[in-house]
Amino acid sequence: MEAGQPSPDSSSEECTVLEALPGKGLACPIHTGKVTELYCSGCAVCVCEECVSGEHADHPTTPLLAALETHRDGLQEGLAAAQNSFEELHKTLDSVKARVEILLMELNMRCTYKTLKQKTEEALSGEASAASLQAERSLGERLGELASQGLPFQAEENDQLDLLMEADGLRRSIHNLGTIVTTSAVASQSEASGVGLEQCIVGLPASVTITTRDKAGGPCRSGNAILSAEVCTPDGSVADGEILDHKNGTYDFVYTVNKEGEFSLALRLYDQHIKGSPFRLRVTRSHDPEESPPTTTATSLTATATPSTGSSEGAKRRGKSPGSGSKKKGSRRTGSALGTPRRRENPIEDDLIFRIGSKGRNKGEFTNLQGVSASSSGRILIADSNNQCVQIFSNDGEFKSRFGVRGRSPGQLQRPTGVAVHPNGDIIIADYDNKWVSIFSSEGKYKAKLGSGRLMGPKGVSVDQNGHVIVVDNKACTVFIFQPTGKLVTKFGSRGNGDKQFAGPHFAAVNNNNEIIVTDFHNHSVKVFTPEGDLLLKFGSNGEGNGQFNAPTGVAVDVNGNIIVADWGNSRIQVFDGSGSFLSYINTSADPLYGPQGLALTSDGHVVVADSGNHCFKVYRYLQ
C-alpha cells in the first residue's frame with residue numbers, strides 16, 4: 001500500500017488528510033516542516049523531535065520503524081485470535097445446530113473477518129511507514145473488537161428434537177384422510193365354484209363363488225379386490241348381475257339371464273381372467289318340479305362365505321308356524337341347477353305377509369340392504385348399505401322417508417350396515433367403512449358420532465336396557481358398549497374360536513335381562529354374554545341340521561326370551577328358546593330367502609328380515 005493511500009473501508013480521517021514527505025515519516029501536523037520520525041506509545045501518535053521536547057516531553061517514545069514492527073506483530077496476533085474465535089464458533093454451530101440468530105452472527109463475523117484479513121494482509125505486505133501505521137492502528141482496533149466479541153461458545157440450547165406420538169389423534173387424522181387398500185390376490189391362482197358356472201334357469205338368479213388366492217396359491221383373507229364379471233348373450237348383450245364382497249377373500253357373483261341358449265361367463269380379477277375363465281354357460285327353462293306334499297317339502301339355497309361351506313342342499317323349514325300344534329320335522333330335497341330354490345307354480349303355504357323392494361336406488365329400492373330395526377312407534381328402518389342411506393317404512397310396508405348422504409365426513413354415510421332405535425327416538429347407525437357410529441334424530445338430522453378412533457369395522461348396533469349403545473365390531477372381533485355421549489363403558493372379545501372370542505361377529509340383540517346376544521359368523525354359533533362381557537351361553541355348530549348354522553347374521557329376541565336367528569348360508573330363519581334349544585323354523589318356502597342379513601321384531605309382533613340377495617325386506621308372521 002502506498003503511503004497516504006486510504007484503505008477501501010477505512011474510517012480513519014488521518015489516513016486521508018496527512019501528506020507524506022520523502023522518507024518514512026509524515027509531515028508533523030503541529031510543527032511546520034518537521035517530519036515525524038518517532039512514535040509516542042502513550043498517546044499512540046507519530047511525533048517529531050520538537051513534539052518530544054514539548055507536549056510529549058515525559059512520554060515514552062520509540063523510533064517509528066520499531067513501533068511499526070511491534071504494531072505489525074500485534075496485528076498478526078489479533079488476526080490469529082480472530083481466526084481462533086471464528087473456528088470456535090464454527091465448532092459450536094456444528095455441535096448444537098444453533099438457530100438462525102447465531103447463523104446470522106456467524107455470517108456477519110465471516111464477512112468482517114474476511115474484510116479485515118484482506119486489509120491486514122495488504123498492510124503487512126506493504127512497505128512500513130508512518131502512513132501505514134495509522135491505517136494499521138485502525139485495523140488492529142477492529143481485529144481486537146472482533147476477537148473479543150462475546151460469542152456463545154457454550155451451548156445455550158440442546159439438540160433434542162423428539163416426536164411424541166399422540167396415537168388417538170393420529171389415528172383420527174388417518175381415518176379422516178382415507179384408507180390405503182391393497183390385496184395379494186392374483187388372477188392366475190384364483191378360482192370359481194358353484195353350479196352357476198355351467199347352467200342356470202331362465203329368469204331365476206344364479207350364483208358363482210369366487211375364491212381369491214395369492215401367487216403361491218394361498219387363500220386371501222381380505223376383500224376389496226377389483227373383480228369384474230359378465231355374461232355375454234349370443235347377440236352380444238350382457239345379462240344383469242352383481243358382485244358381493246364378503247370381505248374375507250371370497251366373492252359371490254349373482255346374475256340373472258332372461259333367455260335360453262349357450263352363453264359365455266367371464267370372470268376377471270384386475271382385468272385378467274381367473275382360472276378356467278371364460279366359462280360356457282347353458283341356460284334352460286325350468287321343468288315342473290317333482291310332485292310332493294307341500295307340508296313336507298323343504299327348500300334349498302346356496303350362498304357360501306367360503307368354499308369349504310359350499311353346498312347345493314339347503315334350508316329346512318317348519319311345517320306350520322310355532323304354536324299351530326302341527327310341527328313337523330322338515331325334510332330336504334335336492335337343490336335346483338341354480339343352487340337356489342325353484343318357485344312352484346302353485347303357491348306353498350307360507351308365513352310371508354309381504355315383501356318390499358327390488359334392486360335400485362330409488363325410494364323403496366335397495367342395493368345390498370343389511371341392518372334392520374323396528375321402533376315401538378311402528379316403524380321399520382333399513383340400512384341400505386350400497387345406497388348409503390337409511391330407509392324408513394311403516395309396519396304395513398308404506399314408505400315414509402329416507403336420509404343419508406354419501407361421504408366420509410361426520411354426518412355422512414359411506415357403508416351403513418347396522419341400525420337401531422334408541423328409547424329417546426334417536427337413530428343409531430353403524431358405518432362400516434367410516435369406522436364410527438353416527439347418531440341422527442328421528443327426523444334424520446345428524447347429531448353426533450361415537451367410536452371414532454376405536455372402531456375398525458362396526459357391523460351391527462343395538463341398545464341395552466340402560467340406553468347404552470352396543471356395537472359389534474366385525475373387523476376387530478370385539479363388542480363395544482358406549483354411553484350415547486361416546487364414553488366407552490366396556491368392551492370384550494378378541495379374534496379366535498374360544499368361548500369369549502369371535503370370528504367376524506355380525507349383529508347383536510338384548511333380552512329382558514339385559515344380556516347381550518351376538519351372532520358369531522365364521523364360528524357358526526350364537527353367544528350370550530352378561531353386560532360385563534362374561535359368557536353365559538353358546539349354541540350352534542356348522543351344518544344344515546336343526547339348530548346348526550352356516551354363518552349366522554341377524555338376531556332378535558321376543559318377549560318370552562326366545563331367540564330368532566337369520567342363518568345366512570342356509571338362507572333360513574331359526575327360532576330357539578332362551579337356553580339355545582331349537583324350536584322351529586319360520587316358513588319361507590314360497591318366496592325363499594337369499595342370504596338374509598339383519599332381523600328384528602316389529603311392534604305388532606312380526607319378524608322383519610333383510611333379504612340381501614333379493615334386494616328386499618320381508619315381513620313374516622310370528623306367533624309368540
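Reader: What kind of model is it, and where does the numbering start?

Author: It is a predicted model, where local features need pLDDT of at least 70, side-chain atom pairs count only at pLDDT 80 or more, and totals for chains, interfaces and linings use all residues. Residues are numbered from 1 along each chain as its sequence is written, and side-chain values use heavy atoms, with hydrogens and water left out.

Reader: What volume does the second largest pocket have?

Author: About 1,000 Å³. A pocket here is an open set of points on a 1 Å grid over the protein atoms alone, where a 1.4 Å probe fits, with protein on both sides within 12 Å along at least five of seven lines. The volume is the space filled by probe spheres set on the points, which are joined across faces, edges and corners.

Reader: How many residues line the second largest pocket?

Author: The lining has 41 residues, and Ala 374, Ser 462, Val 463, Val 510 and Leu 601 lie nearest the centre. A lining residue has an atom within 4 Å of a point.

Reader: Which strands supply at least two residues of that lining?

Author: Among them are strand 14 (369–374), strand 22 (458–463), strand 26 (505–510) and strand 34 (596–601). Strands are DSSP runs of E, at least two residues, numbered from the N terminus.

Reader: Switching to strand 36: buried or exposed?

Author: Strand 36 (residues 616–620) is mostly covered, with five of its five residues buried. Buried means under 20% relative accessible area, using a 1.4 Å probe and protein chains only.

Reader: Which way do the residues of strand 36 point?

Author: Cys 616, Lys 618 and Tyr 620 point one way, Phe 617 and Val 619 the other. In a regular strand the side chains alternate between the two faces of the sheet.

Reader: Which strands pair with strand 36?

Author: Strand 13 (residues 352–356) pairs with strand 36 in the antiparallel sense over four bridges, and Ile 356 stands opposite Phe 617. Strand 35 (residues 607–611) also runs antiparallel to strand 36, joined by five bridges, with Val 607 partnering Tyr 620. Pairing requires that DSSP finds at least two bridges between two strands.

Reader: What is in the turn between strand 35 and strand 36?

Author: The two form a hairpin with four residues between them, and His 615 in the turn has a positive phi of about 55°.

Reader: Back to strand 14. Which sheet holds it?

Author: An open sheet of four strands in the order 14-15-16-17, paired antiparallel. Strand 14 and strand 17 (399–403) are the edges, each pairing on one side only.

Note on methods
Buried means under 20% relative accessible area, exposed over 50%, partly exposed in between (1.4 Å probe, protein chains only).
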